[in-house]
Amino acid sequence: MTLSTPSEPIAPAMMQARAGAAGKRSSTLLPGLMLLGPVVLFFVLVFVIPVGLMVRYSFLKQLPDGSLTTLPTLANYIRLATVDLYRGVMLTTLRISLFTTISATLLAYPLALVIARGPVWLGRLITVLVIAPLLVNVVVRAYGWRIILANGPNGVLNWALSFLGLGPVELLYSDWAVVIGSVQVFLPMMVLPLTAAIGRIDPAVEDAARTLGGDSLAVFRRVTLPLSLPGLGAGCTLVFSLTASSFILPSLLGGSFTKMLGTLVEEQILTVFDWPFGAAIATVMVVIAMTINLAYMALIERKTRTRATEAA
Amino acid sequence: MSETGLGRAAPLIYALTAVIMVFLMLPLILPIVLSVSDTPFVTFPPRGFTLGWYAKVLDEPDFSSSFRFSVMLSASAAIGAMLLGTPTAIGLVRLSFPGKAIVQGLVLSPLIFPTLVTGIALLRLFSSLGSQDAYLNLVIGHVLVTTPYVVRTVSASLVTVDPGLEEAARTLGADRFTAFWRVTRPQIMPGLIAGALFAFVTSFDNYAVSMWLFDASHVPLPMMMISLISRMFDPGIAAIASLMIFFSLFMVLLLERLAGLRRAMSF
C-alpha cells in the first residue's frame, strides 16, 4: 500500500503507483513497524541469536568431566583440521559436493535446452516432471536409491547388470552412491535457474550463429553456454551448498563408510554430546555455504558493474 | 517453437533428455513397483501381486500416528508462516525505508543458510531455555524455515498488483485492512494459496530441523520413515514410501491446479 492519508486526491496516488516503487513518505514508520516488526523480532529471537550463541559455543572446549572452558579457544577448529578422521570427512564433503555439482551441470543442460527451446508441450511436461520430485520427501527418494543400488543380487542395478552379463557392483555405502543420490535430489535446483537463463537468450542469436555456419557444438559453446552462465552459477551455488550440508543422503546411502559433515555433526551432538565440537562443525558448514553464495554474488555484481561501465 | 530451436543436435538432446528423465523418475517408480510384491522381503524383480502390504501398513499405529502428527505440525507451521510472511511481503514490496535490504536479507536468509545448522542452533536455544515442549519447539522451527517461502511467493504475486487500486479504496474511506482484504487480497489469491501449500509441503518434508527437536511422542513422518528403513525389511516399507509418493503427487496436482507449479516455485 502506498502510504497517504485518505483525504488525498486519487490522481497523485495513481501517478505514484505508475512511477513504480512504493511511495517515500514520512509516515512509513508506523505501518513499517506493524508489518515488519513481528517478523524481525521472531527472526532475531529464534534465528540470529541462536546462531550467534552456537558460533560462540564453538570457541569453547568441553573438558573430560563434561564442563566447559571459560576462555575462548580454537581447539575445536584445530581438531577438525588436524585429526585425520575429521579432515577426511571435510575433504569427502567437498569432493562429493564438487562431483555432484559437475554431474548435475552435465545432466541439466539437455533438460534446460529442451524446456526452453523444444516444443511447448514437451517443455511443460518436463518442467512438471522435474519439479514434482522436489515435493517427494528426501527420505523416500533415498530409499528408492537404496533399492536400486543395494549390494548383492537383490539390487535393481545388479539385477540389470547380470542380465547384461556384467558383474555385480558394490555401490551402496560408497561415495558414488551419495553422489548419485545427491544428483537426482538436487538436479531440479540446477535445471530451473538454467532454464530461466536460457529462456532469456534470444533464439535469433543462436539462429544467426547457425546461419553463419556454426555447427551445433560451436553454437552451444560460443553462444548458449556463455549467455547461460548466470543461471549456471545460481544452479551450482544451490547444488553445491545443499549437497555440502545434507544429512539424509550420506546417512542412508553412504552409511558408516562415507561420512560427510552432516552425519559427523549429528553423531557429535546427538551421540557423543560434544556440543562445542559439534558447534564448530556446524559453523564450518555455514562458512562453506556462505563462501559459495558470496562468491557467486560477487561474480554477478562484478559482471553487472562491467556491463554498466561498458554502457556508459 | 520452430523445429530449428535446438538445431541439428536435436535428436541427440532428446535422447539424452529421455535417459535423464528415467534417472530422475526411477527412484520414485521402483518403490511403487516393489510395494505390491507378494514376497516376505523387498526383492527385485517383484513376484506375484498383493495389496496386503498397504493394508498392513495402514494398520501400523506408528505410521498412522506419525502421519497425523505431521499433518498437524505442517498445518500449524503453514498458518504461522502465512500470518508472519504475508505482512512481511506487503511491507517489503510496498514500503521503502532505510535498512529495507537488511530486513529482506534477514527474512530470506534461511533459504541459503544450511537448514541442518538452523536446527542445531534451535536445539541449543531450546535446551538453554529449558523448553521441553517438543511440539511447540517443532512449530517454531518449522515456521522459521517456511516463512521465507511464503515471503518469496507472496511478494512475487504482489508486485503484479497495481497499488493504486488499494489507494483508491482508501480514498473512498476504507481503512488499511479493509482495503487490503477487499481489493488486494482477491488479486493475490493464487500467490497466497501457493505460499500456504508450499509452506505446508516444505514443513511436511522437513527433516533437517525436525531431527534435532522431535521426541519419542512427537515423531514427524520423515523421522519415522528413517527408523523404519533400518528395522523393516518386508515390502511394507516400500508401501509406506509409495503412500508418501502418492501424497506428494496429490500435492503437486493441487499446486498446479490452484496456483501453477512454476509460480509456486518462484521460477
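Where in chain A is the place of Tyr173(A)? In this predicted model, Tyr173(A) belongs to the loop that joins α7 (156-163) to α8 (175-200) of chain A.

Although Tyr173(A) is not a glycine, its phi is positive, at about 65 degrees. The residue counts as partly exposed because 18 other C-beta atoms lie within 10 Å, whereas a buried residue would need 20 or more.

Arg124(A), by contrast, is placed in a helix, namely α5 (residues 120-131) of chain A. With 13 other C-beta atoms within 10 Å, Arg124(A) is partly exposed. Its C-alpha atom lies 9.9 Å from that of Val114(A), a residue 10 positions away along the chain.

| Residue | Other C-beta atoms within 10 Å | Class |
|---|---|---|
| Tyr173(A) | 18 atoms | partly exposed |
| Arg124(A) | 13 atoms | partly exposed |

**The fold of chain B**

How many helices and strands are there in chain B? The chain holds 13 helices and 0 strands, so its pattern along the sequence reads α-α-α-α-α-α-α-α-α-α-α-α-α. The C-alpha trace of chain B spans about 70 × 65 × 30 Å along its principal axes.

Of the 267 residues in chain B, 51% are buried. Among the contacts in chain B with a separation of 6 or more, 77% are between residues 24 or more positions apart.

**The contact between the chains**

Chain A brings 83 residues to the contact, and chain B brings 82 residues. Which element gives the most to the side of chain A that touches chain B? That element is helix α2 (residues 29-57) of chain A, with 16 residues. By residue type, the side of chain A that touches chain B consists of 62 nonpolar, 15 polar and 6 charged residues.

Technical notes. Residues numbered from 1 in each chain as written. Chains lettered and ligands numbered in written order. Predicted model: local features only at pLDDT ≥ 70, side-chain atom pairs only at ≥ 80, totals over all residues. Contact = placed C-beta atoms within 7 Å. Helix = DSSP H or I, 4+ residues; strand = E, 2+ residues; numbered from the N terminus. Nonpolar A, V, L, I, M, F, W, Y, C, P; charged D, E, K, R; others polar. Buried ≥ 20, exposed ≤ 12 C-beta atoms within 10 Å, placed from the backbone.
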